Amino acid sequence: MAYIKIILLLIIYWTGHSGLAQSAFTFAEKIIEPGTRTYITIPVDDGEESTVIPITIFHGTQDGSTLGITAGVHGYEYPPIVAAQQLIEQIDVSQLRGTIILVQIANVPSFLHRSPFVNPIDGKNLNRAFPGSASGTLTEKIAEIITNQVIARSDFFLDIHGGDASEDLMPYAAYYDNDQQVGSSQQGKAMAVALGFDHIIRFDTNGKEYMEEEQPSLYCSAEAFKRNMPSIDIECGRLGQTNPSLAHKIEKGVLNLLHHLQMLPNKLTDDSNRKIIHIDQRAYISSTYQGIFYPAKSAGAYVVEGMKLGYITDFFGQVLDTIYADESGVILLIIGTPPVNEGETLAVIGAVEQ
Ligand SMILES: [Zn+2]
């Protein structure tokens with residue numbers, strides 16, 4: 001009797017202090033034991049060309065949520081990729097509750113070929129290819145694997161980007177929002193705030209075609225949100241540069257998020273009462289010319305309507321157009337290198353909520 005009592009007391013102590021026991025996690029036919037970090041390389045092959053998707057599974061010692069994270073959906077956006085490397089060492093699985101599926105580099109062909117925006121093998125943008133197709137091109141196959149093996153296994157989702165080669169971008173966090181998905185929208189907003197960025201953008205998905213059931217989700221994190229999962233993005237990095245301090249900002253943000261989701265016990269900073277700028281509306285300014293763009297402002301600058309953003313010349317230096325802000329707010333993105341094509345986005349201005 002005394003023996004049973006001791007066992008019972010031990011169980012009460014153990015469950016109270018350690019949470020529920022964790023069972024093994026199966027991923028890509030591998031069995032991953034609790035309290036381990038496992039590296040998995042998934043092969044992708046279209047019959048002619050092949051690549052891999054490197055994924056780290058952090059399987060905690062206690063039962064909990066599963067967080068899916070993708071870096072390198074665009075392989076020329078380096079701070080997310082470098083941050084994902086640092087997270088391998090920073091996430092302590094002995095302290096972890098639940099499971100993290102971290103895609104280290106989603107688009108390895110884009111990364112290794114130093115190719116902005118697209119996978120050079122099929123010319124497709126992975127962040128327009130979701131949910132993907134098992135019988136499609138290499139990019140569509142990558143999207144299908146991330147959809148079914150990462151997103152479908154997750155409870156929460158984070159996709160990390162930065163400014164690609166030509167994009168001068170201001171760091172921000174964003175969350176998906178829809179009136180039909182109040183719970184996942186609100187949880188997403190709280191997750192975005194927990195990352196610690198000054199600017200939080202609401203992706204208003206009401207009425208968006210990609211949210212319709214029969215339409216493709218296109219974007220990696222939109223695929224997660226369509227499944228009613230709280231889904232957020234980080235945008236951090238500019239002009240294709242590595243920028244270690246921005247990689248560190250991402251790394252710190254993810255660790256804060258893990259605390260917020262109660263997957264890690266320690267919180268790095270408690271700044272939930274800080275002043276945050278929320279941005280609900282974004283204005284896109286497009287080029288009506290092909291030519292050479294000379295920006296007059298940088299990302300992060302505050303502008304008022306009518307302020308000059310830059311000008312476009314032809315290939316002989318003749319001015320074709322002068323670009324003005326058509327909205328007051330903060331420049332989230334502006335083209336930071338000379339080439340420009342007709343119809344391309346020159347700048348994005350976020351309307352600042354008071
Ligand atoms: Zn990107």
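Student: In what order do the 4 strands of the open sheet run?

Tutor: Keep in mind that we're looking at a predicted model. The 4 strands here pair in the antiparallel sense and form an open sheet. Reading across, the order is E16-E15-E13-E18.

Student: Which strands stand at the edges of that sheet?

Tutor: Look for strands with a single partner strand, so that one side of each has no neighbour in the sheet.

Student: OK, and which residue in E18 does Ile 292 stand opposite?

Tutor: Start with strand E13, residues 291-295, which pairs with E18 over 2 bridges. Ile 292 lies opposite a residue of E18, and that one is Pro 339.

Student: Switching to helix H5, how far does it reach from its first C-alpha to its last?

Tutor: H5 covers residues 182-194, so count 13 residues, with 1.5 Å a residue as the guide. The expected value is 18 Å, and the model comes close to that. The reach is 18 Å.

Student: Which helices do the buried residues of H5 pack against?

Tutor: The buried residues of H5 include Gln 187, Met 191 and Val 193. They pack against several strands, among them E7 (156-161) and E9 (172-177). The helices they pack against are H6 (220-226) and H7 (244-260).

Notes
Residues are numbered from 1 along each chain as its sequence is written. This is a predicted model: local features need pLDDT of at least 70, side-chain atom pairs count only at pLDDT 80 or more; totals for chains, interfaces and linings use all residues. Two strands pair if DSSP finds at least two bridges between them. The expected span of a helix is 1.5 Å times one less than its number of residues. A residue is buried if 20 or more other C-beta atoms lie within 10 Å of its own, exposed if 12 or fewer, and partly exposed in between; C-beta atoms are placed from the backbone. Two residues are in contact if their C-beta atoms, placed from the backbone, lie within 7 Å.
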